[in-house]
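I record what I looked up and the cut-offs behind each term.

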Amino acid sequence: MLRRIVSMPVVLLCVITITFFLIRLSPGGPFDSERKIPPAIEKQLLSKYKLDGPILDQYRGYLGDLLHGDLRLSTKYRNRSVNEILAQTLPVTLILGATAFILALVGGIWLGTFAAARPRSTSEWLALSLTLLAISLPSFVLGPLLILVFAIKLSWLPVGGWGDPTQLLLPALTLAIPCAAVIARLLHDSLRETLAEDFVRTARAKGLSDSTVVLRHALRVAILPVISYLGPLAANLLTGSIVVETIFHVPGAGGFFVNSILNRDGFLLGGVVIVYCVLLMIFNLIVDISYRILDRRIQG
Amino acid sequence: MKVDFPRQALLPSLVLTLMTLLVIIGPLLMAPSSGLPGEASYAAPSFAHPCGTDLNGRDMLFRILEGGRVSLLVGICGAAISLLIGTSYGLIAGSARDAIDNVMMRVVDILYSVPRLIFILILINAFNERLQQCASSHGWDWLVSSSRIVILIISLGLIEWLTMARIVRGQTLSIKGRSYVAAAKVLGEGYWTILSRHIFPNLAGIVLVYLTLAIPSVIIDEAFLSFLGLGVQAPQSSWGSLLAEGATSINPLRNAWWMLLFPSLVMLATLLSLYNLGEALRRSLQA
């Protein structure tokens with residue numbers, strides 16, 4: 001566990017280094033696409049954004065600024081700092097992600113338990129087919145289809161935008177449904193295995209009802225694979241949120257991320273990547289700790 | 001390990017074969033004018049255009065089939081690369097000393113929890129121009145026009161190998177403990193002989209199964225990038241970029257649902273068949 005915490009800054013440093021050099025060493029600077037600017041002004045611009053001097057010095061300077069919590073200025077959205085942009089957009093992404101996370105978890109666990117509790121029945125087959133269908137519907141297929149049905153044909157929900165709880169529903173569902181399907185399948189497989197074990201038979205022999213056996217005894221053990229999937233799940237949600245935000249015109253960090261690649265806006269890009277990675281690492285650490293606690297409780 | 005061809009795999013394999021044939025032969029059979037801009041802009045599906053037409057009056061069926069070529073090509077080649085990397089990585093980790101194995105698997109764990117696709121996005125856009133310059137200086141015209149596809153294949157292969165590596169390592173560890181490997185060691189066979197003669201052949205089944213599961217992941221990743229406009233770009237198209245066009249053709253003012261629905265259905269059918277095939281093979285392998 002301690003090794004894990006120590007390794008986090010190392011991983012982060014690798015992430016920062018790779019991102020920095022990928023951007024700085026790719027051809028074309030951030031001011032290339034605009035009108036031809038006089039060399040003197042370009043030089044001034046480069047020095048304002050600290051893009052002058054040898055690349056290694058730039059790298060060292062960037063790391064120093066990062067240590068002070070300064071993600072620097074965006075080269076596209078002039079005079080706005082990356083910190084400012086992220087402070088505005090990140091809460092939106094986080095609300096969307098958290099809602100999708102909860103939806104995926106609740107829906108997935110419910111469906112997985114539902115299917116596993118009815119072995120070899122039509123409802124099990126139906127539930128499993130449904131999950132397979134959902135996994136084959138990536139967010140960029142599901143999102144527009146949901147808009148087509150619920151927003152345009154039925155006009156129940158808004159097409160996109162942000163600020164209203166009804167505007168949160170479709171994007172969150174789009175993000176959550178494929179993930180819920182993965183959780184349901186994982187849980188189903190492990191629950192089926194657990195339900196065949198001796199302690200479950202003992203519980204049944206004690207005369208406990210079916211639902212008590214499944215919910216109080218088996219689910220506790222069978223949930224472990226789902227918990228270890230939470231890390232990759234969070235990574236999926238963050239990546240997925242980029243495309244979902246584009247589809248539903250949600251003003252989150254994802255849109256800025258895509259634009260920053262197209263605009264060669266290096267520090268904004270770096271900022272988004274760093275913040276995403278830090279978030280994921282902290283989340284993974286929490287998942288790891290809770291896995292260990294749960295695992296120990298089961299073993300002991 | 002012998003994999004009997006299971007019955008549940010029959011339908012998905014048929015669908016996939018049919019899809020591949022259609023994608024390869026279909027555009028050749030259709031009238032050559034269907035891929036060119038026509039007069040009927042945003043025409044609804046009809047007998048002449050079974051899947052409707054797009055903004056420029058191009059036949060959607062033609063475009064879907066042509067986009068399928070790119071999507072399937074990227075999927076298969078990308079999965080093959082990930083197979084190569086994943087298998088060798090897993091094989092080395094599984095057969096190496098514990099300390100090396102630990103480090104190698106830690107790396108996989110870390111990569112699993114990092115948004116890999118985000119790095120690929122940066123990588124593609126950083127290297128595309130380089131590759132184009134390099135290709136044009138050597139006079140490789142085909143590479144200039146399809147540099148993005150080549151980069152997509154390589155970079156998606158570079159991120160989808162993690163699951164494969166884990167599975168292969170686990171399998172290698174379990175085979176390593178079998179008595180016939182111990183017997184081979186006693187007989188004085190070297191590390192590489194054991195690896196290639198005894199361990200590798202026994203991995204073939206499971207590798208095949210995970211190959212069928214890696215192809216859809218690569219197809220999805222490619223479509224994800226192309227949907228954002230950062231993967232395959234015009235004039236070329238793939239299912240991802242067609243879906244992106246479809247998504248923008250759906251709004252309260254103009255409802256060109258055919259531009260979204262048909263690419264979605266084709267992609268859904270392909271992914272569903274691939275997953276079903278993989279599942280069926282996996283189950284028959286476990287049984």
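**Entry 1. Helices α6 and α10 of chain A.** I note that α6(A) and α10(A) are roughly parallel to each other, a label given to angles under 35 degrees, whereas angles over 145 count as roughly antiparallel, 65 to 115 as roughly perpendicular and the rest as oblique. Helix α6 covers residues 139–153 of chain A and helix α10 covers residues 224–248 of chain A; they pack at an angle of about 25 degrees, with axes 10 Å apart. Axes are lines fitted to C-alpha atoms, for helices over the stretch in contact, and the angles run from 0 to 180 degrees between N-to-C directions. Helices (H or I, at least four residues) and strands (E, at least two) are DSSP runs numbered from the N terminus.

I find the crossing of α6(A) and α10(A) to be right-handed. A crossing is right-handed if the near helix is turned clockwise from the far one by less than a right angle, and left-handed if anticlockwise. On the α6(A) side I list Ser139(A), Phe140(A), Gly143(A), Pro144(A) and Ile147(A), which meet Val243(A), Val244(A), Ile247(A) and Phe248(A) of α10(A); contact means heavy atoms within 4.5 Å. By class, this contact of α6(A) with α10(A) has 7 nonpolar, 2 polar and no charged residues. Ala, Val, Leu, Ile, Met, Phe, Trp, Tyr, Cys and Pro count as nonpolar, Asp, Glu, Lys and Arg as charged, and the others, Gly among them, as polar.

**Entry 2. Basis of the values.** I am working from a predicted model, in which local features need pLDDT of at least 70 and side-chain atom pairs count only at pLDDT 80 or more, while totals for chains, interfaces and linings use all residues. Residues are numbered from 1 along each chain as its sequence is written, chains are lettered from A and ligands numbered from 1 in the order in which they are written, and side-chain values use heavy atoms, with hydrogens and water left out.

**Entry 3. Chain B.** I count 11 helices and 0 strands in chain B. Its C-alpha trace spans about 75 × 50 × 35 Å along the principal axes.

Helix α8 (residues 179–186) and helix α9 (residues 191–227) of chain B pack at an angle of about 170 degrees, their axes 11 Å apart. That makes α8(B) roughly antiparallel to α9(B). Tyr180(B), Val181(B), Ala184(B) and Lys185(B) of α8(B) make the contact with Ile194(B), His198(B) and Asn202(B) of α9(B). By class I record 4 nonpolar, 2 polar and 1 charged residues there.

**Entry 4. Between the chains.** I find 41 residues of chain B in contact with 46 residues of chain A. The buried area between them is about 3700 Å², 80% of it from carbon and sulfur atoms; this is the accessible area (1.4 Å probe) that two parts lose on being put together, summed over both.

Helix α1 (residues 2–24) of chain A packs with helix α4 (residues 116–138) of chain B at about 25 degrees, with axes 9 Å apart. That makes α1(A) roughly parallel to α4(B). The crossing of these two, α1(A) and α4(B), is left-handed. Val15(A), Ile18(A), Thr19(A), Leu22(A) and Ile23(A) meet Phe119(B), Ile122(B), Leu123(B), Ala126(B) and Phe127(B).

**Entry 5. Salt bridges.** I take a salt bridge as a side-chain nitrogen of Lys or Arg within 4 Å of a carboxyl oxygen of Asp or Glu. Over all chains, the search finds 7 salt bridges, and across the interface of chain B and chain A the rule finds 1. Arg185(A) and Glu279(B) meet in a salt bridge at 3.2 Å, N to O. The pair crosses from helix α7 (residues 165–195) of chain A to helix α11 (residues 257–286) of chain B.
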